[in-house]
Amino acid sequence: MSTAQEARNKETYHRFHEAINSGDLEVISKAIDELIHPDGRFHTAEGTAVNAVQVQRRIWEVLLRAYPDIRIALEDLIAEEDKIVARQTVTGTNSGEYRGMPPTGKSVTYHEIFIIRFADGQIIDIWGVVDLYSQLRQLGLIPA
């Protein structure tokens with residue numbers, strides 16, 4: 001894969017990242033439709049793969065409801081061949097329902113890492129690790 005292709009993959013990810021940080025579900029949905037392949041797969045920790053478009057829509061509906069001020073800071077973005085790796089820091093204030101719990105009003109900061117594979121200029125595979133334990137601990141939903 002060429003350096004030019006790696007640069008295009010990074011640019012595609014930057015466009016997705018900018019849409020997410022807009023905080024606007026309509027903007028995010030349009031970016032999902034444009035940048036994620038309709039047959040894209042989101043690979044879960046359980047080893048299953050589900051439709052990435054559907055999962056991303058649901059994730060952002062839930063997160064924007066729970067954290068209307070959510071921000072994702074891109075710490076590192078590394079490209080090699082048809083993949084990128086993104087290390088990110090997420091911040092937000094829990095001012096909406098989350099995981100069946102009422103808002104806590106607490107702020108959170110947690111980290112996540114994603115590996116994303118591209119095909120034909122779109123995201124085709126997503127693997128991620130999100131520090132959910134840290135997030136839930138900061139919200140007081142699990143013991144420290």
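Modeller: Let us begin with V85, which counts as partly exposed at a relative accessible area of 30%. Please bear in mind that the model is a predicted one.

Colleague: In which strand does V85 lie, and which residues make the nonpolar surface patch with it?

Modeller: V85 belongs to strand β4, residues 83-93. The patch covers about 500 Å². Besides V85, its members are I78, I113, I115, W127 and V129.

Colleague: Which strands each supply at least two residues of that nonpolar patch?

Modeller: The patch includes I113, I115, W127 and V129. Strand β5 spans 107-119 and strand β6 spans 122-130. The strands that each supply at least two residues are β5 and β6.

Colleague: Is A52 buried or exposed, and which residues does it touch?

Modeller: A52 lies in helix α3, which runs over residues 52-66. Its relative accessible area is 1%, and because buried means under 20%, A52 is buried. Leaving aside residues up to four places away in sequence, A52 touches I36, G40, R41, F42 and I126.

Colleague: What distance separates the C-alpha atoms of A52 and I123?

Modeller: A52 and I123 are 71 residues apart along the chain. In the model, the separation of their C-alpha atoms is 8.8 Å.

Colleague: Let us turn to charged side chains. With which residue does E97 form a salt bridge?

Modeller: Side chains of opposite charge can pair when their charged atoms come close. For E97, the closest N and O atoms of the pair are 3.0 Å apart, and a salt bridge requires a distance within 4 Å. The partner of E97 is R65.

Colleague: Where do these two residues lie, and how many residues apart are they?

Modeller: The salt bridge of E97 and R65 links distant parts of the chain. E97 is in the loop between β4 and β5, whereas R65 is in helix α3. E97 is partly exposed at 29%, and R65 is partly exposed at 36%.

Colleague: Which residues are linked with R117 in a network of salt bridges?

Modeller: R117 meets D82 in a salt bridge of 3.8 Å, N to O. This pair joins strand β5, where R117 lies, to the loop between β3 and β4, where D82 lies. R117 also meets D125 at 2.7 Å, N to O. The residues linked with R117 in the network are D82 and D125.

Colleague: Is D125 buried or exposed?

Modeller: R117, its salt-bridge partner, is partly exposed at 25% relative accessibility. The value for D125 is 7%, under the 20% limit, so D125 counts as buried.

How values were computed
Residues numbered from 1 in each chain as written. Predicted model: local features only at pLDDT ≥ 70, side-chain atom pairs only at ≥ 80, totals over all residues. Heavy atoms only, no water. Helix = DSSP H or I, 4+ residues; strand = E, 2+ residues; numbered from the N terminus. Buried < 20%, exposed > 50% of the residue type's maximum accessible area, 1.4 Å probe, protein only. Contact = heavy atoms within 4.5 Å. Patch = residues over 30% accessible without salt bridge, like charges linked within 9 Å, V, L, I, M, F, W, Y side chains within 5 Å. Areas by Shrake-Rupley, 256 points an atom, 1.4 Å probe, with all protein chains shown as cover.
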